[in-house]
Amino acid sequence: MIGHGLRVIAYGCLYAAVYLFAIREPHDLLTQSENCLRDSREQLKALGDNLPKGMVYQVYATPDGLRQFVYVSEGIKWLNGLAPDAVMQDSACLYSLILEEDRPALQAAEIRSYQTMGTFNKVVRYRLADGSVGWMQICSQPRR
């Protein structure tokens with residue numbers, strides 16, 4: 001009888017060990033890291049959305065010249081009323097605002113920055129909604 005009782009206690013301890021250490025603890029750690037990630041994203045969004053006439057962005061670029069924005073802050077709205085979602089879906093809506101004469105120099109600077117992994121810093125002219133010309137400084141640091 002005592003052996004059976006000890007076996008039940010052993011199974012209870014085994015269950016507790018498996019549940020607490022193999023299931024619950026990793027799940028709690030995952031939940032905690034997800035909360036930290038969400039908080040960091042909210043801080044980045046708050047900072048980017050409050051830049052006067054500025055924006056925060058993250059763009060994915062490939063060696064063949066493909067550019068896809070994966071994040072654009074609400075600060076882009078000052079630029080002809082562009083919506084962040086529209087720019088993330090089609091980067092051409094942003095690049096089309098840049099004057100045609102400045103596009104080759106911008107593209108060359110982007111490629112050079114991508115190849116050397118050096119800081120990208122370029123001033124370009126862009127077309128405003130009223131037809132006038134404005135100046136925009138684009139600065140980024142590429143990462144692999």
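Biologist: Are phenylalanine 69 and tyrosine 95 buried or exposed?
Modeller: Both phenylalanine 69 and tyrosine 95 are buried, where buried means under 20% relative accessible area, exposed over 50% and partly exposed in between, with a 1.4 Å probe and protein chains only. This is a predicted model, in which local features need pLDDT of at least 70 and side-chain atom pairs count only at pLDDT 80 or more, while totals for chains, interfaces and linings use all residues. Residues are numbered from 1 along each chain as its sequence is written, and side-chain values use heavy atoms, without hydrogens and water.

Biologist: How many aromatic pairs are there?
Modeller: The count comes to two. Rings of Phe, Tyr and Trp (its six-membered ring) pair if their centres lie within 6.5 Å; planes under 30 degrees apart are stacked, over 60 edge-to-face, and the rest tilted. Tyrosine 57 and phenylalanine 69 make an edge-to-face pair, with 5.8 Å centre to centre and 70 degrees between the planes.

Biologist: Where do those two residues sit in the chain?
Modeller: Tyrosine 57 is in strand β1 (residues 57-61) and phenylalanine 69 in strand β2, 12 residues apart, and the pair links distant parts of the chain. Strands (E, at least two residues) and helices (H or I, at least four) are DSSP runs, numbered from the N terminus.

Biologist: Why does tyrosine 57 count as partly exposed?
Modeller: Because its relative accessibility is 23%. Phenylalanine 69, at 4%, counts as buried.

Biologist: Why is the pair of phenylalanine 69 and tyrosine 95 called tilted?
Modeller: The ring centres of phenylalanine 69 and tyrosine 95 are 6.3 Å apart and the planes lie at 35 degrees, so the pair is tilted. Tyrosine 95 belongs to helix α3, 26 residues from phenylalanine 69. Tyr57, Phe69 and Tyr95 form one aromatic cluster.

Biologist: Turning to the largest nonpolar core, which residues touch the most other members?
Modeller: Among its 17 residues, they are Ile76, Leu79, Leu82, Val87, Leu94, Leu106 and Met136. Such a core is a set of buried Ala, Val, Leu, Ile, Met, Phe, Trp, Tyr and Cys residues joined through side-chain atoms within 4.5 Å. Two or more residues each come from β2 (67-72), α3, α4, β3 (120-127) and β4 (133-140). The largest share, three residues, is from β3.

Biologist: What does leucine 106 touch?
Modeller: Leaving out residues up to four places away in sequence, leucine 106 touches Tyr95, Ile98, Phe120, Lys122, Val124 and Ile138; contact means heavy atoms within 4.5 Å.

Biologist: And where does aspartate 102 lie?
Modeller: Aspartate 102 is in the loop between α3 (92-95) and α4 (103-116). At 13% relative accessibility, aspartate 102 counts as buried. Beyond four places away in sequence, aspartate 102 touches Val124 and Arg125.
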